[in-house]
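Work through the exercises below with the sequence and the model on screen. Each task is followed by a solution in steps.

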Amino acid sequence: MNPKWWKECVVYQIYPISFMDSNGDGIGDLRGILSKLDYLQNLGVDVIWVCPIYKSPNHDNGYDISDYCDIMKEFGTMDDFDLLLREMHARGMKLMMDLVLNHTSHEHPWFVESRSSKDNPKRDYYIWRKGKNGGPPNNWESYFSGSVWEHDPQTDEYYLHLYSKYQPDLNWDNPVVIDKLHDMVQWWLKKGIDGFRFDAVAHLVKKEGYPDADNPGGTATVRAYDMFSNLDHVHTLLQNLYDKVLYFYDIMTVGETSGLGPEQALNYVGDGRRELNMTFQFEHMNLDAASPGSGRWDVVPWSLLELKRIITGWQTVLHNRGWNANYLCNHDQPRSVSRFGDDLYYRVPSAKMLATFVHMLEGTPYIYQGEELGMTNVAFESIDDYRDVETLNYYEEKRNQGVPEADIMKAIHLKSRDNARTPMQWDDSDQGGFTTGTPWIRVNANSQEINAANALKDPDSIFHYYKKLIELRKKHKVIVYGEYALHLEEHPEIYVYSRTLEEERLLVILNFFKGEPVFELPGEFVQEKLELLISNYAPVKGENLQELKLRPFEARVYLQRRK
Ligand code: GLC
Ligand code: CA
């Protein structure tokens, strides 16, 4: 079963700008994180993934780095960072940095030099091309709307940016760039950090020659993800990074890789590939997308059968060959309870059910800040209350196309990344206890009810349920290493799976909806031998598992020992 510490841990993701503000400027910071380490330790998580904290002009909340070896001034200083790392280690926790290797900020000194003239020695650090027929070099569309190319009047050429124009893509064909990035990665590792989440790592390599993508609709730009996602040469680059740098440290790595299925993911995480430990896959995040290439905004209802099919694929293909990263939420996605549960009538049971789902799968579970409180989406009435560059660009593009305001706002309410970026709700005071000042983005109006102080007091809270899930993981190896099998495959409301490790077997029963479907115990389980490990409803005495009516969003996990 090839045991590793990063398989046994639970990761908690912090979005620093929204986590905790220590000095009243309305912006979360490193000292804020420091003040909440006891809270995290109480929850029981052992790895903390902190979203980018490097120096940045913050056009994309730190995913636009202007100095890889300095701290964003709003977040604090390098001394604060060193202290945070020490304090985490003192509590037995590990720190995973979020590193953006695909692009920098347009304010990074490399880019400032690069754009200054065509013969600047750093010109080739980025991707510059001449225009074509009075327009950009090709028709690729940026993730954040519009062309991936930005015209720069200074030299009358275009630079490529897969994300916003403030995030020029680095040129990974340039060995000097690669060396500098390797050195920088090493610099952080020498500080004693414990891992990396590599942002947008699937996109380091672009299709040679930058050809136009097929464009049957004749639109100005087209989503051409296959032109810059998961191309073969990415693996050579990652293997180099591994062999030259990562190999020498006992760390964990996870790559953000959209646009692939489990077989392809093995190219990144397969044992012996010498690349990454795990990747974030997006198949289940696209469940409610109108079509695979349609981006986030066109929403359709999702189906449980599809979710089962996708997750079962990842569970079975990676078993004994690679490792999964399991998540339902992060800083780029809506809140999981609003998206996959019911945040109105069944917020608490559905949040617990979703937690059970993620934590009982094979793979490392990731918790996004506030998920352990059942925090929900927001629906600000005015676009003025939104901050996310992707959301703002989308709004502007749709307004220009004449789409009615109400339709645009509806999509934003469902899918904006700001849903997950409102401040952490610590208590029922003003601004949810996040800041004593004015927060950079509004606090969700439900912070008086949904907050950490309430959750800590209530033994039946979502927080305490998470805590128990984490404790179970530390106690039962079958939760970490057991082999997954799907049961009741065609059931449209209930998701049942088992995990088997030698003599032990887990049975996970999840009612994904508010109906009360009847569950029938699969033949290979014996009611008398089942021990209930956790459930989001009180058990009923004398019930019959052979034919059990489940309650709305009910979740149960049983352990069966063969002996
Ligand atoms: C990743 C990040 C996202 C960011 C983008 C550009 O997708 O998760 O937040 O906007 O990369 O760096
Ligand atoms: Ca602050």
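Helices (H or I, at least four residues) and strands (E, at least two) are DSSP runs, numbered from the N terminus. The model is predicted, with local features needing pLDDT of at least 70 and side-chain atom pairs pLDDT 80 or more, while totals for chains, interfaces and linings use all residues. Residues count from 1 along each chain as its sequence is written, chains are lettered from A and ligands numbered from 1 in the order in which they are written, and side-chain values use heavy atoms, leaving out hydrogens and water.

**Exercise 1. Describe the surroundings of ligand 1.**

Step 1. Collect the residues near the ligand, meaning those with a heavy atom within 4 Å of it. Ligand 1 is surrounded by 13 residues, the closest being Asp60, Asp199, Glu256, His331 and Asp332.

Step 2. Sort this shell by class, where Ala, Val, Leu, Ile, Met, Phe, Trp, Tyr, Cys and Pro are nonpolar, Asp, Glu, Lys and Arg are charged, and the others, Gly among them, are polar. The shell has 7 charged, 3 polar and 3 nonpolar residues.

Step 3. Check pairs of N or O atoms within 3.5 Å. For His103, a side-chain N or O atom is 2.9 Å from a ligand oxygen.

Step 4. Compute the accessible area by the Shrake-Rupley method with a 1.4 Å probe. Ligand 1 alone exposes 310 Å², and 97% of that is buried by the protein.

**Exercise 2. Find the cavities and state what lines the largest.**

Step 1. On a 1 Å grid over the protein atoms alone, a cavity is a set of points where a 1.4 Å probe fits but cannot get out, and lining residues have an atom within 4 Å of a point. Points are joined across faces, edges and corners, and the volume is the space filled by probe spheres set on them. The whole structure has 3 cavities of 30 Å³ or more.

Step 2. The largest cavity holds about 90 Å³. Its lining has 13 residues, with His284, Ile311, Asn326, Tyr327 and Leu361 nearest the centre.

Step 3. Helix 9 (304-318), strand 12 (325-326) and helix 11 (347-359) each give two or more lining residues; helix 9 gives the most, 3. The lining of the largest cavity contains 8 nonpolar, 5 polar and no charged residues.

**Exercise 3. Which helix gives the most to the lining of the second largest cavity?**

Step 1. The volume of the second largest cavity is about 70 Å³.

Step 2. Helix 10 (336-340) and helix 11 each supply at least two lining residues. Helix 11 gives the most, with 3.

Note on methods: A polar contact is a pair of N or O atoms within 3.5 Å; within protein, one must be able to donate a hydrogen and the other to accept it, and residues adjacent in sequence count only if both atoms are side-chain atoms. On a 1 Å grid over the protein atoms alone, a cavity is a set of points where a 1.4 Å probe fits but cannot get out, and a pocket is an open set with protein on both sides within 12 Å along at least five of seven lines; lining residues have an atom within 4 Å of a point.
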